[in-house]
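Work through the exercises below with the sequence and the 3D view side by side, and try each task before reading its solution.

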Amino acid sequence: MSYRTYLWFSGSIFGIVAALHVVRLINGWPFQLGPWSLPVAASWVGVAAAAGLCLWAFRLSARA
């Protein structure tokens, strides 16, 4: 796998994760793992982080 393909693939994965965080925010889906629960508002951090990594990967793949 080339560097450009890797960046394109990882950027796509981060884009999907960001989209899922947005869908969770819109629908108010709960997230619970055992006794631990993540508030819906925490998805704002997930959107920002995943979208930032997505854009970064796509910018780097365009330069490669």
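The model is predicted, so local features need pLDDT of at least 70 and side-chain atom pairs count only at pLDDT 80 or more, while totals for chains, interfaces and linings use all residues. Residues are numbered from 1 along each chain as its sequence is written, and side-chain values use heavy atoms, with hydrogens and water left out.

**Exercise 1.** Find which pattern the chain follows along the sequence.

Solution. Begin with the elements, which are DSSP runs numbered from the N terminus (helices: H or I, at least four residues; strands: E, at least two). The chain has two helices and two strands, and reading along the sequence gives α-β-β-α.

**Exercise 2.** Determine how helices H1 and H2 are arranged towards each other.

Solution. First locate H1 at residues 3-27 and H2 at residues 43-63, which pack at an angle of about 155° with their axes 8 Å apart. Here axes are lines fitted to C-alpha atoms over the stretch in contact, and angles run from 0 to 180 degrees between N-to-C directions. Since angles over 145 degrees count as roughly antiparallel, H1 and H2 are therefore roughly antiparallel to each other.

Methods. Angles under 35 degrees count as roughly parallel, over 145 as roughly antiparallel, 65 to 115 as roughly perpendicular and the rest as oblique.
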